[in-house]
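Hi,

Here is the structure I said I would pass on.

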Amino acid sequence: MLAVPVLLGVTLITFVLTRVLPGSPIDAIAGPMATPAQRQALLVQYGLNRPLWVQYVAYLGGLAHGDLGSSFVTSHPVASDLAAFFPATMELTTWAIIVAVLVGVPLGVWGAVRQGSWIDHLTRVLSVAGVGLPVFWVSLVLIYLCFYRWHLVPPPMGRLSPEITPPPSVTGFLVIDTALAGDWRAFSDAVRQLILPVAVLAFAAVAPLARMTRTSMLDVLGSAHTRATRALGLPPRSVVWTYAFRNAILPVLTMLAIVYGFLLGGSVLVETLFAWPGMGRYAFNAISGNDYPAVQGFILYATGVYLAIFVAVDVVSALLDPRIET
Amino acid sequence: MRFVRAGLVCGVVLTFALISLLPLSSLGAASDANQTLVVAVSRDMQNLDPTNASSDPFTLETLTNIYAWLIDFKLVKQADGETIGSPNEFVGGLAQSFQFTDGGRKLMVTLRSNLKFSDGDPLDANAVKFTYDRLFDQNATTAALSRMAKIMNKDSVKVIDARTVEFDISDPNTLVLGNMAQYGHSILNPNVVRPHMTAADPYAHQWLQSNTKGTESGPYVLASWQPGVEFVFARNPYYWGPPARIARVVFRIVPDPSTRLTLLKSGDVDIARDLAPLDEVELLHDASVTVHRFPTRITSYLGMNAKTAPFDNPKVRQAISWAVPYNTIIHNVMVGFARQLTSPVPAGMPTHTDQYFHYRTDPAKAKQLLAEAGYPNGLGVTFTSRADLAESQGIAVWLKSALATAGITVTIDEMQGAAFTAALQRHDLAFFHQPGWNSINNDPFYHLYWLLQSDCCDYTNYHNATVDELITKNIISTDLKARDAASHQIQQIAIDDAAWIFLYQPDLVLATGKNIGGVILYPADYRFRYYYMTKE
């Protein structure tokens, strides 16, 4: 129930912040040859001549009806814009998170179980690299090697190569939609377009997950109850997975939620370098054009995503840990 | 632990298996590859309403390729063998013929016969009338430009018969054809547009912002537009002229310049727009790529606000003009893709002369002028550069070091694009870089009106009564001799007064694959016409 005041607060803050930004959307709309009279007419047309609080109330009124307003720049409804750009980010991020979990969590567990082993060191090196190497640099190197030199992946031109016809949209996930449509050429293109950006994002996401898993596992493995299970002569596999891992997973889950939410906000750099039509680029364009409704819509969306993920994490935590009461 | 290891191994094996199972390189069927041109562009289009379009380059280029207007630029072969769309000579576009009558007070336009819109509807005098009625009702940019050429309102546009339209010109002038030869005068299909005119949106602006279907009249139609992803041109089957050579043009939005460069070098796109200047220099040596370089008459200058100290003192402006590192900027910042601007009227525009330009980089002379201006110990100024433009930032750096040798301390203030434009519009900037102004009408007084007439737009607040009077007197005039003399006089005054610091005219650069031909420059608007292009 906290969600409502949070969302209201966010709308108020973004509303004020966008208006405080230097520059006006009218500059982008009107162009350099507009006369003052034309600029005034545009102000009236977009309702920007009204007092701020009137504009804010009108905006909230629209929100109550699910109307996010229309972009000043393109005049498309913001809600439909978000719906168009969201699947691209959702698909990219989801695959990246899946890969990051599949790689990061086992690495973290292994590092904790075999402390000081080569795999532990490897995990540490990978984590440092994942955090330390700039995403744009990794992207450029991967594009140069995997595309330009070795031709392993198709040209980085977005979700599908230009000559591929997109499948009818069902889930918004092109990998799933192309499979549902039975269009295997498009399926293969969609998967191959995903490989590099997913690898880059997963690489960055592995680090926090692996480190969190390792720390949390070390805590649990050193605890009294784990010692007890060992003393009882349980097989190591069951000590690690049944008893230790399940206890260690909660902080990892929270970290996962933070990383997932962060990535769903769109990674401007990755989306820019791979020409990925996602939320990050949408937000970037909206901010540079002072497109108030688009910026507000995006931030509302990002807030919603965070809230939804944290609710989901709370529910899963409660399932995993009976001590947590909802 | 065995499980963990097994899991990892399985994962790695599965991933590789998946990748290797995917069929390699499934690029489009070779048969139609030569019929499709793929262009990597830096950004999306925005607002396609021809009479009130957004001023971003790809919106305007699209309008230029999918719409047609009555008067167009004439293709002429230059002395060097290159064909260009001359900015000074006009032919009929949709018009079969046109002529001024009544001493230049009337422009009679006869349409070609059997013209059609892209949905097959007839394009006749009624469509022209509809277009101009809407344009004047809407009263946006194009209406202002029409009035500037003394076509004052809707009553000035009269249907004589199905193929003849009369334009009344209240005061004969030389601006008419140049102001009409552009996207704002795109003829619209009343059958398609009128149903979208509502009480809330009387000019169908909302619809035309993102729709063109059925109302296109140019060589291409806009076949599809996925915002943020791509937009696609297809041949217009009803176009009156020679059909576009290439059937489809796909514009992919690839925001990162290094990705666009890689795509061009690998041959996955035919044209890459807006590359980094240094990359373009490097491409000059790439055998698989052609770098087309065209000189422009785009005007790039440093503005000094003549209403704020110390720039209100002409001696200070002159001193800075003697301290600016012109050659360094052209060679290091513009990597040679520019030439010196020597006058407010750029080279390539009628009446241009460089006989009055005498500034070069001479710190001693600058110091002496500063002393005469009352600053014997130098002074400090703040320079505003655009944070989103590499050349603007480069200029700021070289300017700072060069002006320091003349005793002027420069503080660099960076502004984001939107904030910069806003401040520029308010005439608030004290010392700034104007990266490029292009006058679409290649008429010196049209150009001077926008840049130096103090009651118009003049972003530098420069005011000189003689200049103002000469512009007002000659802008609406057909006396070419008087215009020539007046333009020379204005050029001399503006240069002597150091109204601006005259920096450069940048080159227009287009990098294409070797197999792409038919790149024709239109020096009036600098927009590429894809319908001339060929792919071997």
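Chain A has 14 helices and zero strands, so if you read along the sequence, you get α-α-α-α-α-α-α-α-α-α-α-α-α-α. Do keep in mind that this is a predicted model. The C-alpha trace of chain A spans about 85 × 50 × 40 Å along its principal axes. Of the 326 residues in chain A, 51% count as buried. I also looked at contacts in chain A between residues at least 6 apart in sequence: 72% of these join residues at least 24 apart.

Here's one spot in chain A to click on. Is A:Trp241 exposed, buried or partly exposed? A:Trp241 counts as partly exposed because its relative accessible area is 28%, which falls between the 20% and 50% cut-offs.

Next, the interface. The contact between the two chains takes 49 residues from chain A and 53 residues from chain B. About 4,600 Å² is buried between chain A and chain B, and carbon and sulfur atoms give 64% of that area. How many salt bridges are there between chain A and chain B? The count is zero. Polar contacts do turn up: four residue pairs across the interface of chain A and chain B, with both residues at pLDDT 80 or more.

On the side of chain A that touches chain B, several helices each supply at least two residues, including H5 (78–113), H9 (184–221) and H11 (236–264). By class, that side of chain A has 26 nonpolar, 15 polar and eight charged residues.

Last, a residue in chain B. B:Arg317 is found in helix H10, which covers residues 314–323 of chain B. B:Arg317 is buried yet has no salt bridge. B:Asp497 is still in contact with B:Arg317. Leaving aside neighbours within four places in sequence, the other contacts of B:Arg317 include B:Met304, B:Phe311, B:Tyr462 and B:Ala498.

Happy to go through any of this with you.

Cheers

How values were computed
Residues are numbered from 1 along each chain as its sequence is written. Chains are lettered from A and ligands numbered from 1 in the order in which they are written. This is a predicted model: local features need pLDDT of at least 70, side-chain atom pairs count only at pLDDT 80 or more; totals for chains, interfaces and linings use all residues. Side-chain values use heavy atoms; hydrogens and water are left out. Helices (H or I, at least four residues) and strands (E, at least two) are DSSP runs, numbered from the N terminus. Buried means under 20% relative accessible area, exposed over 50%, partly exposed in between (1.4 Å probe, protein chains only). Lys and Arg count as positive and Asp and Glu as negative; His and the chain ends are not counted. A salt bridge is a side-chain nitrogen of Lys or Arg within 4 Å of a carboxyl oxygen of Asp or Glu. Contact means heavy atoms within 4.5 Å. Buried area is the accessible area (1.4 Å probe) that two parts lose on being put together, summed over both. A polar contact is a pair of N or O atoms within 3.5 Å; within protein, one must be able to donate a hydrogen and the other to accept it, and residues adjacent in sequence count only if both atoms are side-chain atoms. Ala, Val, Leu, Ile, Met, Phe, Trp, Tyr, Cys and Pro count as nonpolar, Asp, Glu, Lys and Arg as charged, and the others, Gly among them, as polar.
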